[in-house]
Every structure is written in structure tokens, then in C-alpha cells.
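Dear colleague,

Please find the structure below for your records.

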Amino acid sequence: MQSSKLKTLLVYKFLEEYSDEQNPVSSAALIDMLAKKGIKCERKSIYADIAVLREIGCDIITTRPPAAGFFIASRSFELPEVRLLIDAVTSAGFITPKKTASLIKKLEGLVSSNQAAALTSQVYLESANKCDNEEIYYTIDSLYEAIKDKKRVKFIYKRRNIDKRERKAYTQKTFIVSPYALIWKEDHYYLVCNNDKYDNLMNLRLDRMSKILITDIPQRPISEVSEYSDSFDSADYSSKMFNMFSGKTDTVRILCSLDLREEIIDRFGVKIPLTAVDTEHFETTVRAAVSDGLVSWLMQYGNKIKVLAPQYLADMISRKAQSIAILYSNT
């Protein structure tokens, strides 16, 4: 009886690993695979195993000659879904090359070996843009734990130095912060937190953190350091950040060229109000963190966007534009 149960499980395992719509596994092939595991059986018993597996909900399809056999039609993840996940892992800069390869291998296990081979041949891994901090997975786990328990964390934060001798040197600083959320934005993982020295929020990259320690000190209430009264709103906060520069949130009114409507909708969402000004321009109002990140984002559109309010943001852009003009006029 025990051997019979094991045989049924092995049949499912073989079908899961080797079968797909283009590559059904024949009963003869299943008999050979079972023989290598020390289990002898006949073709009739394979049909019985398939029937049992179907009874418990396995979606197994029988194919007819010339490619007679069986394949699993429904999996937890379909091939396009696995391809999407592999693309996401491959492009994520905060995942190290070593962990990227490991995750891709695990994702390939969600489809048949033939499908996995096809996926692997399509994957291009650019390691130059990947971080090299293997602690990041431990860091993520510890930060989730600290956020859940509302405890402050201590860690070392490292930044690259640049000097005239072109030495690869770093500055290290120890932080003790109140963590509120983790946000994946613009290809980096950020911790949204508060440094006790200030009454605001800051964003720190996880790939620059090491030697993280969860303390026994309770985190500061979010209401003391932000506009959120009860709990942190990750979606709202993220929508207001530009290049993850923190800053004071303000109402920003902008005049835009009509051909930017898709870019504006992509950035702020379909619910953003768009008011026609004339046949070539529209106006909109958004809530955003006023920072150097916002200035850079607005300036990329050149004369196609003009800040109407607040005036101090318009002045920031004007000063930035003048400094750039001076820089290039001197060259």
C-alpha cells in the first residue's frame, strides 16, 4: 500500500517536472522513470494513478497519437506569469547577482523543464547594475519584523566616496531610526523612517545598510513626524515622492503642453484633474513633496511644463536653470 501511494505521488512529480502541452509524457516514459526509482508497474496502473490524481483536482490532460501521453494543464503559475516574475527579478537592482540566479532557478521550477529551458535562453542578466550587498535579504526580514513590532532599528549606512586618487572608499555612519514602511520605487528598495534628530521622514536605501539590529526602543508615533495621524499610507507617500527625495508636501499647480497628457496621467493616475486652457495647453493640480527630486523631474520636460504655484518652487527651478546655463557658458 505504501509503495502504491508513493508511486502515485511520483507520477504527479514526473508530470509536474517534465510535462506541458507541447511535451506530454507517455505512460511508457512514466514506467521507465518509476523503474529508476525501484518501482515496477504496468501501463494499466499508470492509468489508475492518473484517475486518482484527477479525483483530487489535478488538471491532467490525456493526449492521443502520435504524441500519446499526459500533461498537467493547470499550474499555480502559468508560463507568461513566470516569465513576468523572472523579468522583474532580473531587472531589480537591489537583488544581488547570486540571489538573482537562485530566484530564477526557483521560478523555473514552477513550469516544466522544457519550458524552463526556453525561459533561461531568453534571460539576459546585467550584473553591473546589481547591488553586491548579500545582507539585504536579512535586512528586509529584520525591517519587516521591526515595523510589525513598532521598534526602532540600528544599522550602519554606507555611501561611496570619490576622491582625486580614484580610490574606492566609503563613508559609514550609524543610524538609529523609527521604521514605518518599505517601498520599492525606481528600481531600489527604500526604508521610510525617522531620525530622532528631526521631525520628518527620510528615505534610506536598503542596499546601503548592514549589521542591522532591532532595538527594544519603541518607534516614534507617525503623527509626530508626518501628516499621517494614525498609520503610514505607503501609496499616498510614494505618489508624492520624486526620485525618492523627501520634502514638505505642498499643492503644486502646473501648466502643461497638450502632448504631455499621457506622461502626466502615467505619473499621477487617471483620476488627476486635467483642465483645458487653450488648444495647446492644459492645467492640473497635484500634491507633491517639494524637493530637488521634483525640480529635476519638472525640468526634464523643458519648456513644456511651467509651475504656476507655489512661487517658491518656480523660483527653485529658475535658479537651477540659471546655474546650468552658467555652467555651460563657462565651458
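A salt bridge here is a side-chain nitrogen of Lys or Arg within 4 Å of a carboxyl oxygen of Asp or Glu. The model is predicted: local features need pLDDT of at least 70, side-chain atom pairs count only at pLDDT 80 or more, and totals for chains, interfaces and linings use all residues. Residues are numbered from 1 along each chain as its sequence is written, and side-chain values use heavy atoms, leaving out hydrogens and water.

The count is 12 salt bridges. Glu145, Lys148 and Asp149 are linked in a network of them. Within it, the closest N and O atoms of glutamate 145 and lysine 148 are 3.5 Å apart. These two residues lie three apart in helix 7 (residues 136-149), and are therefore separated by about one helical turn. Helices (H or I, at least four residues) and strands (E, at least two) are DSSP runs, numbered from the N terminus.

Lysine 240 forms salt bridges with glutamate 227, at 2.9 Å between the closest N and O atoms, and with aspartate 236, at 3.0 Å. Lysine 240 is buried, at 6% relative accessibility, whereas glutamate 227 is partly exposed at 47% (buried means under 20% relative accessible area, exposed over 50%, partly exposed in between; 1.4 Å probe, protein chains only).

Finally, four strands form an open sheet in the order 9-10-8-11, with antiparallel pairing; two strands pair if DSSP finds at least two bridges between them. Its edge strands are strand 9 (275-276) and strand 11 (305-309).

Yours sincerely
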